[in-house]
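Subject: Structure handover

Hello,

Here is the structure I promised to pass on. Please open it alongside this message.

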Amino acid sequence: MLSLLLAGVVVGQGQALQLSYPTEPGLTAVVVGWSGRAVPFVRRDDQWLTTVGVDLDSRPGEHAVNVTFTYDDGRTRGHREPITVLQGQYPTTELTVEERYVELSPEDQARADREGAETTAIYDTFTPERYWTQSFQVPVQGAKDGRNFGHRRVFNGQPRAPHAGADLRAGTGTAIYAANRGRVVLAKDLFYSGNAVFLDHGYGLYSTYLHLSAIDVAVGEIVERGQRLGSAGATGRVTGPHLHWGVRILDARVDPFSLIGIGVP
Ligand SMILES: [Zn+2]
């Protein structure tokens with residue numbers, strides 16, 4: 001019988017997780033229903049693997065996902081698997097930024113809305129190819145801090161969306177490297193994010209690099225893990241120079257550090 005490694009999955013809000021099953025004779029495909037999509041597993045040696053994420057604001061408690069196994073004789077078998085989401089403990093941070101990033105002019109509001117629609121369309125795109133085969137790495141050399149993912153934020157006294165990435169200490173000009181292999185799908189100046197690079201790693205997984213002082217890559221390019229994307233800076237809505245590193249998986253906002261260590265054996 002198939003052993004279900006998913007049994008008893010417990011995960012915090014805003015965390016990436018890797019689902020895996022052992023191979024078995026005749027098994028040709030494994031697919032999980034996640035966030036309204038049929039997400040395929042990839043086979044590596046004796047495992048079937050896929051990477052999914054639990055959004056920062058997912059409801060804590062019991063959830064379930066449907067997994068479908070397909071065999072070479074055409075037979076399929078479904079399984080419903082419970083997943084427990086634990087409440088994240090995220091503090092509130094008060095920040096002071098230029099007033100134009102809090103009380104937007106009509107022109108800036110229109111621009112922010114347009115760019116929001118553009119980035120949503122990117123996250124809604126599912127590329128049916130997994131570009132990466134190695135584990136993710138931190139995009140600033142030697143960075144160990146920046147674990148402010150999920151903080152509830154108040155800008156100039158006004159509550160705003162929670163912090164959907166991790167801020168890494170990086171002075172202006174510090175080299176920023178791709179966390180993994182992927183395709184550049186956005187490389188330009190955005191109102192809130194400043195100079196931004198978005199990478200599509202495939203299977204609905206995206207990483208973002210914001211507030212850059214310079215961008216060294218162009219849309220459409222495949223970048224390798226560790227390739228330089230640009231330089232850290234203080235563009236957009238910031239209190240000072242740093243790198244904002246973000247990760248989305250099937251539109252779930254997850255802590256990028258939860259991806260570190262997830263790799264392919
Ligand atoms: Zn940030």
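**Ground rules**

This is a predicted model, in which local features need pLDDT of at least 70, side-chain atom pairs count only at pLDDT 80 or more, and totals for chains, interfaces and linings use all residues. Residues are numbered from 1 along each chain as its sequence is written, and side-chain values use heavy atoms, with hydrogens and water left out.

**The largest pocket**

The search ran on a 1 Å grid over the protein atoms alone. A pocket is an open set of points with protein on both sides within 12 Å along at least five of seven lines. Lining residues have an atom within 4 Å of a point. A volume is the space filled by probe spheres set on the points, with grid points joined across faces, edges and corners.

The largest pocket has a volume of about 1100 Å³. Its lining holds 44 residues. R153, S193, L210, R237 and H244 lie nearest the centre. The elements that give two or more residues to this lining are β9 (92-95), α1 (106-123), β10 (152-155), β12 (165-168), β16 (205-212) and β20 (243-249). Helices (H or I, at least four residues) and strands (E, at least two) are DSSP runs, numbered from the N terminus. α1 gives the most, with eight residues.

By class, the lining of the largest pocket has 16 nonpolar, 18 polar and 10 charged residues. Here Ala, Val, Leu, Ile, Met, Phe, Trp, Tyr, Cys and Pro count as nonpolar, Asp, Glu, Lys and Arg as charged, and the others, Gly among them, as polar.

H163 counts as buried, at 3% relative accessibility. D167 is buried too, at 19%. Buried means under 20% relative accessible area, exposed over 50%, and partly exposed in between (1.4 Å probe, protein chains only).

**The second largest pocket and the cores**

The second largest pocket has a volume of about 210 Å³. It is lined by 15 residues, with W34, G53, V54, S58 and H63 nearest its centre. β7 gives the largest share, three residues. The lining divides into eight nonpolar, five polar and two charged residues.

W34 turns up again in the largest nonpolar core. Such a core is a set of buried Ala, Val, Leu, Ile, Met, Phe, Trp, Tyr and Cys residues joined through side-chain atoms within 4.5 Å. Of its 51 residues, W34 and Y209 touch the most other members. Apart from this core lies another, of eight residues, among them I122, Y123, L190 and A196.

A cavity is a set of points where a 1.4 Å probe fits but cannot get out. The whole structure has one of 30 Å³ or more. About 30 Å³ of space lies in the largest cavity. T51, R130, W132, G202, Y203, L205 and I249 line it.

Y203 lies in the loop between β15 (194-202) and β16. Phi of Y203 is near 55°, a positive value in a residue other than glycine. Y203 is buried, at 11%. H211, in strand β16, also has a positive phi, near 70°. H211 counts as buried, at 6%.

G173 is found in the loop between β12 and β13 (175-177). G173 is partly exposed, at 40%. G173 and A232 are 59 residues apart in sequence, yet 5.2 Å apart in space, C-alpha to C-alpha. Contact means heavy atoms within 4.5 Å. Leaving aside neighbours within four places in sequence, G173 is in contact with S213, R228, S231 and A232.

S231 is found in strand β19 (residues 228-231). S231 counts as buried, at 9%. Beyond four places in sequence, the contacts of S231 are G173, T174, I176, L212, S213 and A214.

Best wishes
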